[in-house]
Amino acid sequence: MHSAPLTRILATIWLLSAADLRAVSKPQPLTEAAGEVITWIESVDPSTQTQKEVWDKIRKALETAGREAESEAGLKLSVSSILEHWNGKSFRILDEADPQSWALSSQDQAFPDLGAAWKARGNKWTVQYVGRHGQKLFRRGDAVKTVGFHPIQSARTQKLSLEVQNNPMSAPRKLELNVRPQPFADYVLAETQAAGTMMTQEKNRICLQKAWFWMNDAVNAHLLSRVSFQTANCTAQLIDLRDAFGLEPTGPLKISKKIPTVVLINHDTREGAARFALRLKKELNARIIGEPTGQTVLPEKLQTLKSLPWTVIAYAGTGAPVEPDAVVKDSLVYADGLDAAFEEGLRWIRGELGLR
């Protein structure tokens with residue numbers, strides 16, 4: 001009795017093409033996100049009108065990416081790749097895993113101080129830098145084993161249970177963390193201030209300074225003061241600008257004497273941080289170690305998408321990246337969290353000072 005309706009249903013399903021089935025299963029927000037990106041670029045970039053034939057091809061590629069992407073990460077990769085071939089402005093897509101997205105909304109949200117700074121490496125979150133609260137808990141290279149962990153979204157809890165692993169062959173360590181939510185501007189300033197340290201090698205004072213991500217006015221004032229102090233009171237200095245972004249420090253550097261100076265950079269050193277690296281090279285004859293940087297121009301305009309937790313930033317051009325004097329991949333070694341760029345910087349300083 002019920003065979004006829006069932007037959008019609010099966011026939012209808014059979015008639016749907018594979019393309020139609022794929023379209024039905026596509027997450028709608030990905031299509032909407034691609035549309036938002038297109039609309040916004042057309043509103044801020046006059047080149048979309050003056051170079052309409054080229055832009056139409058880019059637009060079609062973006063629309064296709066929105067329809068065919070399987071995930072947010074896939075769409076981000078596709079859009080970033082497509083826009084690399086657009087010769088108007090340059091663009092950067094920030095998601096919630098990028099500290100710059102937190103900086104742009106820092107007036108409204110607190111940042112979770114977990115005792116370490118984390119970076120996504122493949123499908124794992126790995127300790128990139130250890131903060132002042134995490135010296136005894138974390139080591140550079142620790143990987144989180146906890147399912148569903150997200151270092152920024154963890155601001156929504158007061159206590160966090162984690163399992164971290166420094167060596168793939170070792171058992172994970174279980175940790176209980178008290179999360180300290182605070183505005184991102186306060187966080188980066190406090191960490192930058194705490195990152196100014198000194199090590200002694202054969203009576204030589206080697207001063208270290210790390211810029212913690214967002215180089216805003218307060219952080220830049222501290223960096224300028226710290227570098228000025230180090231040229232007067234240290235035998236050599238190492239300044240870590242990896243993963244840093246933001247404004248360029250434009251105040252005066254009071255250089256008492258030129259001492260051996262190393263500046264560490266990586267692909268995520270961008271904007272004002274990359275410019276600061278060039279300034280230190282020019283004024284202190286600093287040796288630049290690491291990877292070529294990202295953008296050396298400052299952000300011009302930005303748009304927060306409604307369909308996805310993304311922020312799209314437009315730059316007026318790209319600016320030539322800062323090229324290192326010595327190329328060292330910014331990598332982590334699980335066994336002991338070895339920092340290859342940092343070690344290369346110390347090796348060069350020791351050579352300049354005539355140390356073994």
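Q: In the predicted model, how are helix α3 and helix α5 oriented, roughly parallel or roughly antiparallel?
A: Helix α3, residues 28-44, and helix α5, residues 52-68, have axes 7 Å apart and pack at an angle of about 160 degrees. Angles over 145 degrees count as roughly antiparallel. The angle therefore makes the orientation of α3 to α5 roughly antiparallel.

Q: By class, how many nonpolar residues does the contact of α3 with α5 have?
A: From α3, the residues Leu30, Thr31, Ala34, Ile38, Ile41 and Glu42 take part, and they meet Trp55, Arg59, Leu62, Glu63, Gly66 and Arg67 in α5. Sorted by class, this contact of α3 with α5 has 4 charged and 2 polar residues, and its nonpolar residues number 6.

Q: Is isoleucine 58 buried or exposed?
A: Isoleucine 58 has its place in helix α5, and, leaving aside residues up to four places away in sequence, it touches Ile82, Leu83, His85 and Trp86. Its relative accessible area is 9%, and the cut-off for a buried residue is under 20%. Isoleucine 58 is therefore buried.

Q: How are α3 and helix α6 oriented, roughly parallel or roughly antiparallel?
A: The axes of α3 and helix α6, residues 72-83, are 10 Å apart, and the two helices pack at an angle of about 25 degrees. Since angles under 35 degrees count as roughly parallel, the orientation of α3 to α6 is therefore roughly parallel.

Q: By class, how many charged residues does the contact of α3 with α6 have?
A: The contact brings together Leu30, Ala33, Val37 and Ile41 of α3 with Glu72, Leu75, Val79 and Leu83 of α6. By class, the contact of α3 with α6 has 7 nonpolar residues and no polar ones, while the number of charged residues is 1.

Q: Which strands stand at the edges of the open sheet of 6 strands?
A: The order of this open sheet is β9-β10-β12-β14-β15-β18, and its pairing is mixed. An edge strand here has a single partner strand, so one side of it is left without a neighbour in the sheet, and the strands in that position are β9 (197-201) and β18 (326-327).

Q: Through how many residues does a hairpin join β16 to β17?
A: Strand β17 runs antiparallel to strand β1, residues 90-94, with 5 bridges joining them, and serine 90 stands opposite tyrosine 315 in β17. Strand β16, residues 299-304, is also joined to β17 by 5 bridges and runs antiparallel to it, and there the bridge partner of lysine 301 is alanine 314. The hairpin joins β16 to β17 through 6 residues.

Key: Residues numbered from 1 in each chain as written. Predicted model: local features only at pLDDT ≥ 70, side-chain atom pairs only at ≥ 80, totals over all residues. Heavy atoms only, no water. Axes fitted to C-alpha atoms, helices over the stretch in contact; angles between N-to-C directions. Helix = DSSP H or I, 4+ residues; strand = E, 2+ residues; numbered from the N terminus. Parallel < 35°, antiparallel > 145°, perpendicular 65-115°, else oblique. Contact = heavy atoms within 4.5 Å. Nonpolar A, V, L, I, M, F, W, Y, C, P; charged D, E, K, R; others polar. Pairing = 2+ DSSP bridges. Buried < 20%, exposed > 50% of the residue type's maximum accessible area, 1.4 Å probe, protein only.
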